[in-house]
Amino acid sequence: MITAEQATQIIDAARSEGQAMGLNPLSVAVLDSGGHLIAFLREDGASPGRFEIARGKAYGAVMMGMPGSAQMARAEEQVYFMAAVNGAFGGKTIPVPGGILVKDTQGNIIGAVGVTGDSSDNDAKVGLAGIAAAGLTGAA
């Protein structure tokens, strides 16, 4: 499981990386393996709607067992399937990069991180940096 301390480390490191890269204000959500929120932070200047986007990126990753980049590829190939998945999950998934699976040392999925605020690829980069800083492995 992802501890509250690790979730805080993930958020802090992702923010630091985003600031070092000169990114727009970020929002970061950390979910457990059941899709429940552990921690969230919206930087000053980030729009209030960013919570739902960050959570949606992470939620789709953990519930589908695939990172946002893989979901996006699937959506491009089978729009109807990802639309049905989003319907099944009550419209809570956002299938784009920035939704990152978090795995333990045995490769088991223990949660997900969602980052939003800049380009989806930059969101994924800072999310991976945050996960690594917490001593965990990410799949973006």
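1. Contact here means heavy atoms within 4.5 Å. Helices (H or I, at least four residues) and strands (E, at least two) are DSSP runs, numbered from the N terminus. The model is predicted: local features need pLDDT of at least 70, side-chain atom pairs count only at pLDDT 80 or more, and totals for chains, interfaces and linings use all residues. Residues are numbered from 1 along each chain as its sequence is written, and side-chain values use heavy atoms, with hydrogens and water left out.

2. In helix 3 (residues 68-77), Gly68, Gln71 and Ala75 are buried (under 20% relative accessible area; exposed is over 50%, partly exposed in between; 1.4 Å probe, protein chains only). These three residues lie on the same side of helix 3, because they cover an arc of only 55° around the axis. The buried residues of helix 3 pack against helix 2 (50-64), helix 4 (79-88) and strand 3. On the other side of helix 3, Glu76 and Glu77 are exposed.

3. A nonpolar core is a set of buried Ala, Val, Leu, Ile, Met, Phe, Trp, Tyr and Cys residues joined through side-chain atoms within 4.5 Å. The largest such core has 19 residues, and Val113 and Ile131 are among those that touch the most other members. Helix 1, strand 1, strand 3 (99-103), strand 4 (109-116) and helix 5 (120-133) each give two or more residues to this core; helix 1 gives the most, with four.

4. Beyond four places in sequence, the residues that Val113 touches include Ile10, Val30, Val102 and Ile131.

5. Gly22 lies in the loop between helix 1 (4-21) and strand 1 (27-32). Gly22 counts as exposed because its relative accessibility is 62%.

Terms used
The arc is that of the directions from the helix axis to the C-beta atoms.
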